[in-house]
Amino acid sequence: MLGQRTGTGAAARLRGGGGGSPEKRFVDRGCLTTSSCRYTKHVREPGRIPACIGGNAVTAVSIDEYAVTDAGGPYAITTGPDGALWFTMVHSGQIGRLAPGSEPTSWQLDPACRPMIIVPGADRALWFTEYQADRIGRITPDGSVDEFPLPTPGCGPFGIAAGPDGALWFTETIADRIGRISLDGQVTEFPLPATGAFPSAISAGADGGMWFTMNQANAIGRIGMDGRITVHPLPTEAAAPVGITAGHDGALWFVEIAAGQIGRITPGGVIVEFPLPDRAGRPHAITAGGDGKLWFTEWAGNRVGSITTDGTIETYNLSTPGCEPHGITLGSDGALWSALENGSLARIASATTARSC
């Protein structure tokens with residue numbers, strides 16, 4: 001591999017750490033907000049059904065919100081190997097779990113570590129980034145936690161995803177590097193060919209590479225398993241890409257938070273951008289749904305939305321004002337789930353229905 005720096009991440013169980021503030025850095029770059037939100041217990045509200053065009057089918061959506069904490073801060077969310085939902089609570093430094101039919105549970109980390117993105121690994125554990133503590137964390141379904149310090153101080157790890165090689169790949173926003181951590185904690189870092197790029201989210205592609213957003217370089221990057229990096233500039237200036245995911249069509253789909261657009265890039269680097277109905281909605285995260293669509297959050301617009309692979313967009317308002325949807329994932333129940341920074345998780349269930357215009 002072509003890594004510049006390599007280190008052994010000896011597991012440090014629940015140690016404290018330092019680093020900068022993710023909120024300040026992301027706000028400066030148009031990536032996230034930390035304004036407080038009203039706490040809600042449980043709400044059921046049908047999502048907005050878009051007007052149909054030419055008699056086409058539209059998607060009816062029902063949205064339920066489930067309170068999981070009164071401290072606020074659910075940020076990223078994923079489905080674990082146990083079928084439960086796992087989520088980070090960035091403000092309180094906790095990892096949460098919500099299983100079907102059960103009460104939410106949580107595990108306390110260093111309160112100042114700022115856990116950000118969480119994903120399942122090939123070892124049936126959940127792996128997450130600790131932005132302020134400069135660590136990668138691992139938690140098993142039974143709650144055993146290990147933490148691995150990174151070689152570069154102040155690197156600001158944010159995005160993380162499982163790679164085709166069985167390792168976890170992550171972004172270092174402040175250090176302008178992509179990192180790789182093996183299941184036994186061996187860390188390798190790869191420098192980007194740009195400074196101030198602020199690499200953010202990362203996802204495995206169908207082509208065997210890892211694809212990531214370069215929020216301040218206004219580009220999409222790809223790193224191969226050999227460490228070679230390719231950069232694809234975006235057509236729209238100052239678009240500030242953040243979330244990225246693999247689509248059912250073999251392409252990578254991403255959100256442009258500053259431009260209010262959804263983007264698509266093929267493995268060959270061809271980029272298409274789709275403007276959202278509300279260009280000020282601030283799309284943040286995106287994931288592939290079980291219905292063949294891509295689903296995304298708009299934290300400023302207080303809504304979730306979907307886009308088909310041919311570019312048809314539908315959006316749905318959340319019922320609680322100012323709840324700030326961030327992460328989104330496909331649940332084991334076939335519904336989409338979003339992390340709301342007001343202390344809740346939203347369940348989005350859809351069914352395609354025909355309407356006459």
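What we have here is a predicted model, where local features need pLDDT of at least 70 and side-chain atom pairs count only at pLDDT 80 or more, while totals for chains, interfaces and linings use all residues. Residues are numbered from 1 along each chain as its sequence is written, and side-chain values use heavy atoms, with hydrogens and water left out.

Back to that pair. Strand S16 and strand S17, residues 210-214, are antiparallel and share 4 bridges. When I say that strands pair, I mean that DSSP finds at least two bridges between them. The strands themselves are DSSP runs of E with at least two residues, helices are runs of H or I with at least four, and the numbering goes from the N terminus.

These two strands belong to an open sheet of 4 strands, in the order S16-S17-S18-S19, with antiparallel pairing. At its edges are S16 (199-204) and S19 (229-233), each of which pairs on one side only. From one strand to the next, the twist averages 25°. For angles, axes are lines fitted to C-alpha atoms, for helices over the stretch in contact, and the values run from 0 to 180 degrees between N-to-C directions.

Now let's zoom out. The protein chain has 1 helix and 30 strands. Of its 357 residues, 59% are buried, where buried means under 20% relative accessible area, exposed means over 50%, and partly exposed is in between, with a 1.4 Å probe and protein chains only. The accessible surface is about 12,800 Å², and carbon and sulfur atoms account for 50% of that; these areas come from the Shrake-Rupley method with a 1.4 Å probe, and for residues only the protein chains shown count as cover. Taking contacts between residues at least 6 apart in sequence, 48% join residues at least 24 apart, with contact meaning heavy atoms within 4.5 Å.

So what does the interior look like? The largest nonpolar core has 33 residues, and Ile 117, Trp 127, Ile 160 and Ile 181 have the most contacts inside it. A nonpolar core here is a set of buried Ala, Val, Leu, Ile, Met, Phe, Trp, Tyr and Cys residues joined through side-chain atoms within 4.5 Å. Strands that each supply at least two of its residues include S4 (74-79), S8 (115-120) and S12 (157-162). The biggest giver is S8, with 4 residues.

Please click on Ile 160 for a moment. Beyond its neighbours within four places in sequence, Ile 160 is in contact with residues including Ile 117, Trp 127, Phe 170 and Ile 202.

Next stop, strand S5, residues 85-89. How many of its 5 residues are buried? The count is 5 of 5. On one side we find Leu 85, Phe 87 and Met 89, on the other Trp 86 and Thr 88, and both faces are covered. S5 runs antiparallel to S4, joined by 4 bridges, and Phe 87 in S5 has Ile 77 opposite. The hairpin of S4 and S5 has 5 residues between the strands, and there Gly 83 takes a positive phi near 85°.

S5 also pairs with strand S6, residues 94-98, in the antiparallel sense over 5 bridges. Gln 94 in S6 is the bridge partner of Met 89. Between S5 and S6 the hairpin has 4 residues, with Gly 93 at a positive phi near 70°.

A quick look at Thr 105, in strand S7, residues 105-108. Thr 105 is partly exposed, at 38% relative accessibility. Not counting residues up to four places away in sequence, Thr 105 touches Ile 95, Gly 96 and Arg 97.

One more sheet before I stop. This open sheet has 4 strands in the order S20-S21-S22-S23, with antiparallel pairing. S20 (241-246) and S23 (271-275) are at the edges with a single partner strand each, so one side of each has no neighbour in the sheet. Neighbouring strands are turned by 20° against each other on average, direction ignored. S22, residues 261-265, runs antiparallel to S23 with 5 bridges, and Gly 263 has Glu 273 as its bridge partner in S23.
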